[in-house]
Amino acid sequence: MSGRTSRPRPKSREHVPVLLEEVREALALRRGDIVADVTLGLAGHAVPLLKAVGKRGRLVGLDLDPENLTQAQLELAATGLRFDLQHANFAGLPRALATLGIDGVDALVADLGVSSTQIDQAARGFSYLRPARLDMRMDPTRGRTAGALLDEITEANLATALRELGDEPDAAAIARIIAMARLSRPVDTTSRLVSLVCQAKGIPVPSRGWGRLHPAALTFQAVRMLVNREMENLAALLAFLPSCLRPGGRVAVISFHSGEDRLVKTSFKEGRSQGLYSKIAEDPVLPGDAEQEANPRSWSARMRWAVRSGVR
Ligand SMILES: C[S@@+](CC[C@H](N)C(=O)[O-])C[C@H]1O[C@@H](n2cnc3c(N)ncnc32)[C@H](O)[C@@H]1O
């Protein structure tokens, strides 16, 4: 027996929340709780969490992406339950909660990274498979695009980012070729970045239907994480998280990147040794075979949970 079930594969556009059952279990929600989803996306986690806290409960949802907020609003409104959404960075969670008059939440979930809608919309410039301007901002209303970032960053800092955020083995060669190429014209389209990465690796640009990891995948991941300051935002969230949780409150963080998982693990461990958390996940919770088979986005997911000290 392989342990795999015959759960049907989702259609490519269908949105499937990652590790939903595991998040539900980790948060142990009760009727009347206040729950925060600080990476609302399409409300794939938020809708079932809101239903779990019921009529007396409340959900607070944050997202950087105004389009995702609009979509999530529709999904949540259909429940008829109480929720408040904010176009905000989770690095500013204390302010977002204060605006709503909330001094702490009973549970919080963060499902890090990009959403399928962001990847699927060519114009957002996240995808190495879709020709577009190189934007990659989760919040298109502010900040520097990936094209502008690649114009300004030093070659040395770019090489470090490609290595640390992308685990890209050819980091130095890619940074070099980008630094040379931008002298003649900006690296401001997805296709130009793909072609420079392939040039640095000495391989042709792969044709459609390429079955293995795309040669530009790690570079795109690193540049996206730089543009959106993903490590910095996560570090800020983790630093003030205990102060945003009520006594006995619970948190679940899903990451897709080893550096992010390390930050979460270290922060939870330190929090436990300082007495801020009473319990933490000893090991990351991973998707089972059935989920991995049904939802390829879950392959690299790791969830860690922690419980704030005190009694709920
Ligand atoms: C993986 S998706 C979440 C999917 C969601 N759990 C669902 O099932 O529908 C991550 C979302 O978090 C948002 N996001 C990423 N970093 C953020 C941050 N620092 N603050 C607020 N939202 C953020 C992205 O815009 C994206 O919509």
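**View 1. Residues around the ligand in the predicted model.** The ligand is surrounded by 22 residues. The closest are P17, T39, G41, G44 and D111. Sorted by class, this shell holds nine nonpolar residues and 10 polar ones.

**View 2. Domain 1 and domain 2 of the chain.** Domain 1 is assigned in two stretches, 20-116 and 231-308. Domain 2 is assigned to 140-227. Taken over C-alpha atoms, the centres of domain 1 and domain 2 are 30 Å apart. Where they touch, domain 1 supplies four residues and domain 2 supplies five residues. On the domain 1 side of this contact, three residues are nonpolar and one is polar. That side has no charged residue.

**View 3. Helix α11 packed against helix α12.** Helix α11 covers residues 230-244, and helix α12 covers residues 258-273. Their axes lie 10 Å apart, at an angle of about 15°. An angle under 35 degrees counts as roughly parallel, so α11 is roughly parallel to α12. Their crossing is right-handed. From α11, the contact takes M231, L234, A235, L238 and P242. They meet G259, E260, L263, V264, S267 and G271 of α12. The residues of this contact comprise seven nonpolar, three polar and one charged.

**View 4. Helix α2 packed against helix α3.** Helix α2 runs over residues 46-53, while helix α3 runs over residues 66-77. The two pack at about 35°, and 10 Å separates their axes. The crossing of α2 and α3 is right-handed. On the α2 side, the contact is made by A46, V47 and L50. On the α3 side, A72, E75 and L76 take part. Five residues of the contact are nonpolar and one is charged. No polar residue takes part.

**View 5. Helix α8 crossing helix α9.** Helix α8 spans residues 171-181, and helix α9 spans residues 190-201. Their axes come within 9 Å and cross at roughly 125°. By class, the contact of α8 with α9 has eight nonpolar residues and one polar residue. It has no charged residues.

Terms used: Residues numbered from 1 in each chain as written. Predicted model: local features only at pLDDT ≥ 70, side-chain atom pairs only at ≥ 80, totals over all residues. Near = placed C-beta within 6 Å. Nonpolar A, V, L, I, M, F, W, Y, C, P; charged D, E, K, R; others polar. Domains from an automatic or database assignment. Contact = placed C-beta atoms within 7 Å. Axes fitted to C-alpha atoms, helices over the stretch in contact; angles between N-to-C directions. Helix = DSSP H or I, 4+ residues; strand = E, 2+ residues; numbered from the N terminus. Parallel < 35°, antiparallel > 145°, perpendicular 65-115°, else oblique. Left-handed = near helix turned anticlockwise from the far one by under 90°.
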